[in-house]
Amino acid sequence: MLIDARKIDDFKTERKDLLPPLPMVFRLVPLLFYLSIVFVSVVGSVAVWHSRAASERYQSVVGRTASLQEEIKQIKAKRDALDDRALEAMDLENWVLGSMPLQPLVVAIMRSIDENSSIVDLSIERDPETPAQLKLALTLRTNSDKQLEVILEAIRALGYRDLSPTQSMVKGNLEYRATLLRDTKGRLPSPQERKQEISPS
Amino acid sequence: MNAKQLAALLVVLAIVLLVQFALSLRNQATSTAAEAEAAAVELEKLQTQIDVEKRLFGDNERNSSELLAYIGKWEKFFELIDRQQAVESFLSLKVREFDILNLSQRYEQVPHTINNKPNDSLPVLVRASLIFDDNYVKLINWMGMMESIRPTMRVSRVAIKEGSRDLDVRTDMVLEIPLWKKGTK
């Protein structure tokens, strides 16, 4: 059945506006709305993309930071252990330097005594605070003026220097006192070299 | 306000909210980028720090290598004696081996200090005070043998005077043996 077009138009009858029309400027509102949707789409997408990239970079940097901090911690621990080891080695080195054998010195002094002289008393003592220094006290029964000089030559031949020496005659005996300091010329002796220093009597 | 105006106002409000939302996304991205940047700066500082630490460690390693190698040769001698009983039995044995007349032996442990400061690695010394009266050659050889086989042992005092017989000497000897407390530092 055909319906007349004019009758269909009649379904929507002409109606008069109940409200007054909005001002012309309000026609911008839908335009602004569409623009804002475009703005949100573009700016939002770019921002989300940037944010995601920055977040990934941040996570990677944080991971690398943690691994570097761990590495620094390990290096510091190794350095501390090495420093401790070096301090311990210095303690041992100081002991080694302050424990040079005295037997060669005693032998050298004894051997330098000539037949007209004799030792009444010989004492060699390490200074407790500076063990590399030796306090020598020697009492000689001698008629020779040169005997003491011979003994001192023998001591110096072993690399010792005599510091603040004093000598006096007590009851006919020559008393000599001095502090002996060995010049190692900066060399550190090995255990083998120490053994080789020992003299057969 | 009529319905048309209200509808327009709502659309304007929606526009404002949309723009606000876009700007907040952008701000969030900016702040995340700033955090990443700050973390990168921190990372750069750490990289510098690790370079410094590595250099310091390398320097220390180089500086101490000679000393550590040197002390490595001595360590086995420090390790030989680790308690007073070992010192006593070792000295008594060596005195008997040489058949030396030993008038007295006294052992004590003393704290090891240098300039009134305790030595952490070698905190204790075993001090043996020995008095002998025997042949001079025998005593000097004994002293040499002891200093040779125990190079870390220190004769801290030796006093020799005439002995009871012609070739004999009376010798007061103080020996000090350090007890190594390994790895205390």
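## Model and domains

Domain bounds here come from an automatic or database domain assignment. On that basis, chain A is divided into domain 1 (28–97) and domain 2 (103–197). The C-alpha centres of these two domains of chain A lie 67 Å apart. Chain B is divided into domain 1 (1–79) and domain 2 (84–179). The C-alpha centres of domain 1 and domain 2 of chain B are separated by 65 Å.

This is a predicted model: local features need pLDDT of at least 70, side-chain atom pairs count only at pLDDT 80 or more, and totals for chains, interfaces and linings use all residues. Residues are numbered from 1 along each chain as its sequence is written, while chains are lettered from A and ligands numbered from 1 in the order in which they are written.

## Where the chains touch

Two residues are in contact if their C-beta atoms, placed from the backbone, lie within 7 Å. By this rule, 69 residues of chain B are in contact with 69 residues of chain A. Three elements of chain B each supply at least two residues of the side that touches chain A: helix H1 (3–79), helix H3 (136–149) and strand S5 (154–162). Helices (H or I, at least four residues) and strands (E, at least two) are DSSP runs, numbered from the N terminus. H1(B) gives the largest share of that side, 43 residues.

What classes of residue make up the side of chain B that touches chain A? There are 39 nonpolar, 16 polar and 14 charged residues. Ala, Val, Leu, Ile, Met, Phe, Trp, Tyr, Cys and Pro count as nonpolar, Asp, Glu, Lys and Arg as charged, and the others, Gly among them, as polar.

## Two helix residues at the contact

Val11(B) lies in helix H1 of chain B. Leaving aside neighbours within four places in sequence, Val11(B) is in contact with Val29(A) and Phe33(A). Val11(B) counts as partly exposed because it has 16 C-beta neighbours inside 10 Å. The cut-offs are these: a residue is buried if 20 or more other C-beta atoms lie within 10 Å of its own, exposed if 12 or fewer, and partly exposed in between, with C-beta atoms placed from the backbone.

His50(A) is found in helix H2 (residues 28–97) of chain A. With neighbours within four places in sequence left aside, His50(A) is in contact with Ala29(B) and Ala33(B). His50(A) has 17 other C-beta atoms within 10 Å, so it is partly exposed.

## A sheet built from both chains

Two strands pair if DSSP finds at least two bridges between them. Eight strands form an open sheet in the order S3(A)-S4(A)-S2(A)-S1(A)-S5(B)-S6(B)-S4(B)-S1(B), and the pairing is antiparallel. Strand S3 (160–170) of chain A and strand S1 (102–111) of chain B stand at the edges, each with a single partner strand, so one side of each has no neighbour in the sheet. Neighbouring strands are turned by 15° against each other on average, direction ignored.

Which strands pair across the two chains? Strand S1 (residues 118–126) of chain A and S5(B) do, in the antiparallel sense, over five bridges. There, Glu125(A) stands opposite Arg157(B).

## The chain A strands

S1(A) and S2(A) form a hairpin with six residues between them. Eight bridges join these antiparallel strands. Ser118(A) has Arg141(A) in S2(A) as its bridge partner. S2(A) also pairs with strand S4 (residues 173–182) of chain A over eight bridges, again antiparallel. Here Leu136(A) stands opposite Ala178(A).

In a regular strand the side chains alternate between the two faces of the sheet.

## The chain B strands and helix H2

S1(B) and strand S4 (residues 124–135) of chain B pair in the antiparallel sense over nine bridges. Asn102(B) has Phe132(B) in S4(B) as its bridge partner. H2(B) packs on the sheet and touches S1, S4 and strand S6 (168–179) of chain B. The direction of H2(B) makes about 160° with that of S1(B). Axes are lines fitted to C-alpha atoms, for helices over the stretch in contact, and angles run from 0 to 180 degrees between N-to-C directions.

S4(B) and S6(B) pair in the antiparallel sense over twelve bridges, and Asp134(B) stands opposite Val169(B). Just after H2(B), Asp99(B) takes a positive phi of about 55°.
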